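Dear colleague,

Please find below the structure that I am handing over to you, together with its sequence. My notes on what was found in it follow directly after.

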Amino acid sequence: MRSKGTNHNTTFGDKVLLLLLVFLSVYSFIFIKEVMPEGSDIRIEAAGKLLYTLPIHINKTVEVNGPLGTTVVEIRDSRVRIKESPCNNKICVHEGWVRSGAIICLPNRVIVSITGKANKKHEDIDGITG
Amino acid sequence: MKKTFIVFIALAICALSSCNPGKESIYKESRITMDTLVTITVSSSSDTVAKAAVDKAFREIDKLGKLLNFFAGDSEVTLINKSAGSMPVTVSKETLDVIERALHVADKTEGAFDISIGPVSSLWDFHTKTMPEEDALKEKLKLVSYKNVVIDRKNSTVFLKKKGMMIDLGGIAKGYAADRAAEVLKNSGIKSGIVAAAGDIRTFGTRPDGSAWNIGIKNPRQTGDDDEILAVIRLSDQAISTSGDYERYFIKNGIRYHHILDPKTGRPAYGCRSVSVITKEGVFTDAFSTGVFVLGPRRGMEILKKMGFDGIIVDSDGNILMTEGIKGKIEVKGNKP
Amino acid sequence: MESQDKYRVALLSSYALALHGFETLIPSPIPWLRLGLSNIVTLVTLYQYGMKPALMVTLIRVVLGSLFLGTFLGPAFFLSLGGGLAGAFSMGIVITLFPGLFSPLGLSLIGALFHNTAQLFIAYLFFIQRIDAIILVAPVLIAAGTLTGAINGIAARYLVIEIQKADRESPSPMTGT
């Protein structure tokens with residue numbers, strides 16, 4: 001079984017294939033950029049300072065201190081919640097688990113927000129009133 | 001073949017890395033200030049310039065928050081309230097500005113927006129579901145009238161005529177702060193951006209691609225994740241504020257008690273579910289959205305037309321009313337009653 | 001199998017092994033990103049002697065290589081095995097079904113693509129089981145595979161041309177049938 005044909009110059013098939021593969025590479029990158037929840041992070045801010053940026057898929061409980069005391073933030077199964085809060089109204093705790101958007105505890109000045117593509121619920125909207 | 005191929009690869013790499021040096025990009029930052037979440041979004045070609053400008057704008061809002069806070073013991077507003085019935089209080093230009101505009105709006109809305117509602121709103125607590133006693137309400141209502149708020153431009157003083165009167169700038173301060181923050185941004189070399197103090201949004205300039213900013217209006221009866229937005233409106237160099245009965249409320253015996261109180265009755269106003277007002281300045285959108293809400297859909301619309309403002313009203317049956325001026329700029333997502 | 005063929009396979013396998021081992025010495029920016037130099041040998045084998053020897057060479061290279069490197073029967077071994085066989089198979093099938101359609105360059109690209117696809121598949125089935133992670137890695141592998149596939153293809157083409165030139169000038173015992 002000798003070589004198939006003696007001409008080993010680049011064939012038309014080669015060119016088409018290479019073009020297709022480059023096309024596929026580039027567009028798979030673009031596809032990933034658009035579709036995947038690329039780098040979804042949980043940002044935890046307290047009293048105006050960014051304290052943590054954590055990947056959403058870890059399981060972790062962190063404690064942050066605000067003016068009223070310690071707020072406990074829990075990350076589990078790609079969701080996040082405020083588990084305990086020293087504030088009075090506990091609106092943040094009642095919000096429960098979230099996968100996108102943010103939980104904000106105004107009294108204790110804690111902002112837990114989820115960034116990244118997965119959070120782009122309203123990608124074309126620059127602000128929300130109401 | 002070879003040439004097209006190289007061009008294609010170059011284009012593809014460009015698309016991937018978005019190789020456009022000096023291109024305007026969005027910088028966004030949120031902070032808790034004025035007892036709410038304030039988000040500033042700016043478009044700038046330099047991250048450093050954007051950060052510095054945004055920081056300056058936040059400091060301006062912080063400053064205003066300290067002056068105008070109804071609850072802080074050391075604010076100018078608290079000082080005015082403490083001196084009610086006894087003496088005029090010298091205040092900063094900013095505080096005077098806000099109160100002056102508040103009185104203007106009160107005048108235009110026939111008292112539907114009234115900053116002297118303080119004594120009555122203090123009787124309600126929407127977290128603990130506390131309603132005022134009938135007698136207490138009647139008693140405190142007597143203290144509510146913006147006509148008894150006297151400002152003296154020349155001496156920069158504010159005086160509340162009756163003892164026990166209290167002004168609460170919560171319905172106008174955030175809009176004013178958004179305006180001021182936008183001015184600070186412009187003076188710091190930012191050409192376009194958004195200042196959103198909770199629901200009070202002030203836009204200036206356009207998005208990096210030259211289009212208007214898209215602002216979503218919250219659905220007052222949201223049921224899930226997919227119907228959060230009632231409509232999207234395109235704005236540039238305009239402000240929008242929304243007042244809604246869904247922001248702070250409790251339901252008792254099937255009745256929704258919400259935080260937008262009618263200064264005439266001291267009780268929640270029931271004609272609307274949500275009112276959005278659009279005009280150049282946030283200080284007016286903020287105050288008028290409350291005033292129009294209290295007046296109800298019919299009279300509210302009349303006032304908007306008279307003032308030359310734009311607005312969207314969701315009435316108590318879920319119907320959406322809007323002024324002629326925004327019909328081409330708005331996209332209504334859904335109308336679930 | 002004739003003894004001559006056995007020699008060939010053994011010799012080619014040792015070339016492949018050498019390249020395989022050599023490659024592990026080159027530091028790579030990403031751990032699982034490899035040049036896949038041993039595919040050059042697979043490709044040359046395929047061109048000169050056909051699919052069966054090419055598969056044999058691949059199999060020997062993977063098994064011995066993993067024994068030398070101490071990864072035998074570990075995850076890396078199965079990834080290497082699946083990728084190697086898929087690459088050799090795909091190239092063999094294409095050259096049999098469409099002779100002359102591709103030069104060694106195109107074949108190498110096909111081999112690299114199937115090599116990587118197979119590895120992703122195996123990784124998903126046995127090791128990672130997170131489709132989002134796989135999808136995330138896929139574009140990198142496709143792009144890297146295209147690049148390394150092209151490099152290897154060009155190298156293989158050069159080798160095939162040189163070998164055939166040598167054959168025509170003085171037929172050596174290495175080439176028969």
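**Strand pairing in chain A**

Strand β4 (residues 70-76) of chain A pairs with β5(A) in the antiparallel sense, over five bridges. Strands here are DSSP runs of E with at least two residues, helices are runs of H or I with at least four, and both are numbered from the N terminus; two strands count as paired if DSSP finds at least two bridges between them. Within this pairing, A:Val72 stands opposite A:Glu84 in β5(A).

Please note that this is a predicted model, in which local features need pLDDT of at least 70 and side-chain atom pairs count only at pLDDT 80 or more, while totals for chains, interfaces and linings use all residues. Residues are numbered from 1 along each chain as its sequence is written, and chains are lettered from A and ligands numbered from 1 in the order in which they are written.

The two strands belong to an open, antiparallel sheet of three strands in chain A, in the order β3-β4-β5. Because β3 (60-65) and β5 (79-84) of chain A stand at the edges with a single partner strand each, one side of each is left without a neighbour in the sheet. From one strand to the next, the twist averages 25 degrees (axes are lines fitted to C-alpha atoms, and angles run from 0 to 180 degrees between N-to-C directions).

**Chains A and B**

Contacts join 32 residues of chain B to 20 residues of chain A, a contact being two residues whose C-beta atoms, placed from the backbone, lie within 7 Å. On the side of chain B that touches chain A, β8(B) gives the largest share, six residues. Strand β8 (residues 127-129) of chain A also pairs with β8(B), in the parallel sense and over three bridges. In that pairing, B:Ile215 is the bridge partner of A:Gly127.

**Chain B as a whole**

Chain B has nine helices and 16 strands. Among the contacts in chain B with a separation of 6 or more, 64% are between residues 24 or more positions apart.

**A residue of chain C**

C:Leu67 lies in helix α3 (residues 51-69) of chain C. C:Leu67 is exposed because 12 other C-beta atoms lie within 10 Å. From C-alpha to C-alpha, C:Leu67 and C:Phe77 are 9.2 Å apart in space, and they are 10 residues apart in sequence.

With kind regards

Technical notes: Buried ≥ 20, exposed ≤ 12 C-beta atoms within 10 Å, placed from the backbone.
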